[in-house]
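Subject: Structure for your files

Hello,

Here is the structure I said I would pass on. Please look it over before reading my notes below.

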Amino acid sequence: MITRSPDLLQSVIPTVTDEARDWQTQLAKAIRDPRDLLARLGLDERWLPGASQGHALFEVRVPEAYLSRIRRGDPHDPLLRQVLPVTAETDSVAGFVSDPLEEAEHTPRRGLIHKYHGRVLLIGSPTCAINCRYCFRRHFPYAENSPSRTQWEETLGYLRRDPSIQEAILSGGDPLASNDKRLAWLVGRLGEIPHLRRLRIHTRLPVVIPDRIDNALLAWLKDTRLQTVMVLHINHPNEIDDAVIEACKRLQNAGVTLLNQSVLLRGVNDEVATLAELSERLFSAGVLPYYLHVLDPVAGAAHFDVPDAEAVALIDALRTRLAGFLLPRLVREVPGEASKSPL
Ligand code: SF4
């Protein structure tokens, strides 16, 4: 199970302003017990032993706003499948490992991953609003990669000294699980680095708690001189409801470019009709479908894997149904490669 030291959880404890309280309360009240999850969805206890086994490896976390989009009484709901632990997570499968992208090899500073030319990834928060069962960072040592303010200064120094770095990527955990005071400070400091052009934020929070896109967040987004790209992680069209569409509009009005990356997941989105509808709904919400990733081979997620030949057949079929700009790029991340690899 991922454990967090108390100081690392400070960023998610409700504090700050009235406006922030709402999303932070939702975050704090997310379901964290597999028994509660099953009860809330009207599912019987035959699912509990498997859910408890998976929960022991990577804890359950599901906020209410996401729960409300899951069909009651349907154990095969594609959103539920992303968050309900199952016995298969305990299987040991050849090739599925704890650090599939070998991130530990590319961590020159605490909380900083530098793999690709021109870009660095900063671990903006040690926590997420939702725990996705397929997450490639489900075993990530967040406790070792959560910088103090002094360590952030060292990281900023690293960026300042390397003029080839043009883009800072906030990832996590989910960087938007951190509070706005902290994010405004960090983004302000990044904006002072003359050779940085872009800020990229990878997040699932606008999807799982759309109220996260509040005025406090929009204020620092509007304030930065950096061009800002937000990469949402949406895997199924049912994840996009009216509240998500509204959150996307608010981000667009703040000048943020919205992209989406999905993971191809067995039993969630491994059908042409589902992927086509996902692209359509994303674009209607103002989000460009950018990447469709094949699963990173992380231990505990092998049951989500879709073989390459099937993935390629799916994207070929999609190509015949969608306009080119709605077709995501099918890619895989290979450790040691200079960029993502197309399939
Ligand atoms: S929100 Fe992203 S980082 Fe967090 S568990 Fe889900 S996939 Fe992993």
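The notes below cover the domains, the sheet and the ligand site.

Please bear in mind that this is a predicted model.

Domains

The domain assignment divides the chain into domain 1, residues 6–90, and domain 2, residues 103–342. Their C-alpha centres are 21 Å apart. Across the boundary, 32 residues of domain 1 are in contact with 37 residues of domain 2. On the domain 1 side, the elements that contribute two or more residues are helix 1 (18–28), helix 3 (48–57), helix 4 (64–67) and helix 5 (80–83). Helix 1 supplies the largest share of that side, with six residues. Sorted by class, the side of domain 1 that touches domain 2 consists of 19 nonpolar, six polar and seven charged residues.

- Strand 2 (residues 119–125) runs parallel to strand 3 (residues 167–172), and six bridges hold the pairing. In this pair, Val 120 is opposite Ala 168 of strand 3.
- Strand 5 (residues 227–232) and strand 6 (residues 257–263) are also parallel, joined by four bridges. Here Val 229 faces Thr 257 of strand 6.
- Strand 6 continues the parallel pairing with strand 7 (residues 288–293) through five bridges. Val 263 has His 293 of strand 7 opposite.

Two crossovers go with the last two pairings. Strand 5, helix 10 (residues 242–253) and strand 6 form a right-handed β-α-β unit. From strand 6 the chain then passes through helix 11 (residues 272–284) to strand 7, in a β-α-β crossover that is right-handed as well.

Ligand site

Which residues surround the ligand? They are Cys 128, Ile 130, Asn 131, Cys 132, Cys 135, Arg 137, Gly 172, Gly 173, Asp 174, Arg 204 and His 233. By class, this shell has four nonpolar, four polar and three charged residues. Two of the elements described above can be tied to the site: Gly 172 is one of the surrounding residues, and strand 3 covers residues 167–172. His 233 is also in the shell, while strand 5 covers residues 227–232.

Regards

Key:
Residues are numbered from 1 along each chain as its sequence is written. This is a predicted model: local features need pLDDT of at least 70, side-chain atom pairs count only at pLDDT 80 or more; totals for chains, interfaces and linings use all residues. Two strands pair if DSSP finds at least two bridges between them. A residue is near a molecule or strand if its C-beta atom, placed from the backbone, lies within 6 Å of it. Ala, Val, Leu, Ile, Met, Phe, Trp, Tyr, Cys and Pro count as nonpolar, Asp, Glu, Lys and Arg as charged, and the others, Gly among them, as polar. Domain bounds come from an automatic or database domain assignment. Two residues are in contact if their C-beta atoms, placed from the backbone, lie within 7 Å. A crossover is right-handed if, with the strands pointing away from the viewer, the path from the first strand over the helix to the second runs clockwise.
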